[in-house]
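Dear colleague,

Please find below the structure that I am handing over to you. My findings follow directly after it.

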Amino acid sequence: MKEREMTSENPKSEVESRKSRAAAGSSRSTPDSSALRPSLVSWNITRQCNLACAHCYRDARELPDSGELTTAEGMQLIEETARVGFRVFVLSGGEPLMRADLCELIAAARDLGLRPVLGSNGTLITKKAAEKMRDAGLARAGISLDSVDPGYHNRLRGSPTAWQGPACVPALPSGCPSRSTRL
Ligand code: SF4
């Protein structure tokens, strides 16, 4: 869908309209089908990343791919995800904080009843960024750590300062986002 088709002169109407379409789809579910339905969907919102990890399976790069979904296409994906009954919506990458519309996408997921979760390398999560994501509706954040040894983590992450991101996470405001790590 083209960007201008999703733009509304009345943003509230657009949100209400997305909610109605998602609710209409959810109401078609049956108990049997919901028992089998996966609850989580993960969208790599960009291939762009500020790190260069030796183990990156995303072939991440400094610039975004030309084929990445636009904000409007992302909104449509979120709406479809809610409509089929998923509950958790993971926004990952690449590094999701490299996308300027991240909070917009988080808010759209929240507004449609999804639980927005962030998958990040943590390096760009300043206090201000954390507060913005919290206010947009972020429910949880997962920060990747490769080791409890900062030097080892930095070597694997291809950056002498990669550890500084995850290390600042305890300073995040209480209540959101919480930490989770992969060791
Ligand atoms: S932080 Fe993630 S996306 Fe970025 S280079 Fe490392 S593994 Fe790839």
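Helices α4 and α5 pack at an angle of about 25 degrees; an angle under 35 degrees counts as roughly parallel, and α4 and α5 are therefore roughly parallel to each other. Please note that this is a predicted model. Helix α4 covers residues 71-83 and helix α5 residues 102-111, and their axes lie 10 Å apart. The crossing in which α4 passes α5 is right-handed. On the α4 side, the contact is made by Thr71, Gly74, Met75 and Ile78, which meet Glu104, Leu105, Ala108 and Ala109 of α5. Sorted by class, this contact of α4 with α5 comprises five nonpolar, two polar and one charged residues.

Helix α5 also packs against helix α6, which spans residues 127-136. Here the angle is about 25 degrees and the axes are 8 Å apart. The helices α5 and α6 are therefore roughly parallel to each other. From α5, the residues Cys103, Ile106, Ala107 and Arg110 meet Lys132, Met133 and Ala136 of α6. This contact of α5 with α6 contains five nonpolar residues, no polar ones and two charged ones.

As to the chain as a whole, it has eight helices and five strands. Starting at the N terminus, the order of the elements is α-α-α-β-α-β-α-β-α-β-α-α-β. The chain has 183 residues, of which 32% are buried.

I turn next to the ligand. The residues around the ligand are Cys49, Leu51, Ala52, Cys53, Cys56, Arg58, Ala60, Gly93, Gly94, Glu95 and Asn121. In terms of class, this shell consists of six nonpolar, three polar and two charged residues.

Two residues of that shell, Arg58 and Gly94, are among those around the ligand and deserve a separate word. Arg58 is placed in the loop between β1 (40-44) and α4, while Gly94 belongs to the loop between β2 (88-92) and α5. Although Arg58 and Gly94 are 36 residues apart in sequence, their C-alpha atoms are 6.9 Å apart in space. Leaving aside residues up to four places away in sequence, Arg58 touches Asn44, Arg47 and Gly94. Is Arg58 exposed or partly exposed? Arg58 counts as partly exposed, because it has 15 C-beta neighbours inside 10 Å.

Asp59, in the loop between β1 and α4, has a phi near 50 degrees, which is a positive value in a residue other than glycine. Asp59 has 9 C-beta neighbours inside 10 Å and therefore counts as exposed.

Finally, Gly151 is located in helix α7, which comprises residues 150-157. Since Gly151 has 10 C-beta neighbours inside 10 Å, this residue counts as exposed. Gly151 and Trp163 are separated by 12 residues in sequence and by 8.0 Å in space, from C-alpha to C-alpha.

With kind regards

Notes: Residues are numbered from 1 along each chain as its sequence is written. This is a predicted model: local features need pLDDT of at least 70, side-chain atom pairs count only at pLDDT 80 or more; totals for chains, interfaces and linings use all residues. A residue is near a molecule or strand if its C-beta atom, placed from the backbone, lies within 6 Å of it. Ala, Val, Leu, Ile, Met, Phe, Trp, Tyr, Cys and Pro count as nonpolar, Asp, Glu, Lys and Arg as charged, and the others, Gly among them, as polar. Axes are lines fitted to C-alpha atoms, for helices over the stretch in contact, and angles run from 0 to 180 degrees between N-to-C directions. Helices (H or I, at least four residues) and strands (E, at least two) are DSSP runs, numbered from the N terminus. Angles under 35 degrees count as roughly parallel, over 145 as roughly antiparallel, 65 to 115 as roughly perpendicular and the rest as oblique. A crossing is left-handed if the near helix is turned anticlockwise from the far one by less than a right angle, and right-handed if clockwise. Two residues are in contact if their C-beta atoms, placed from the backbone, lie within 7 Å. A residue is buried if 20 or more other C-beta atoms lie within 10 Å of its own, exposed if 12 or fewer, and partly exposed in between; C-beta atoms are placed from the backbone.
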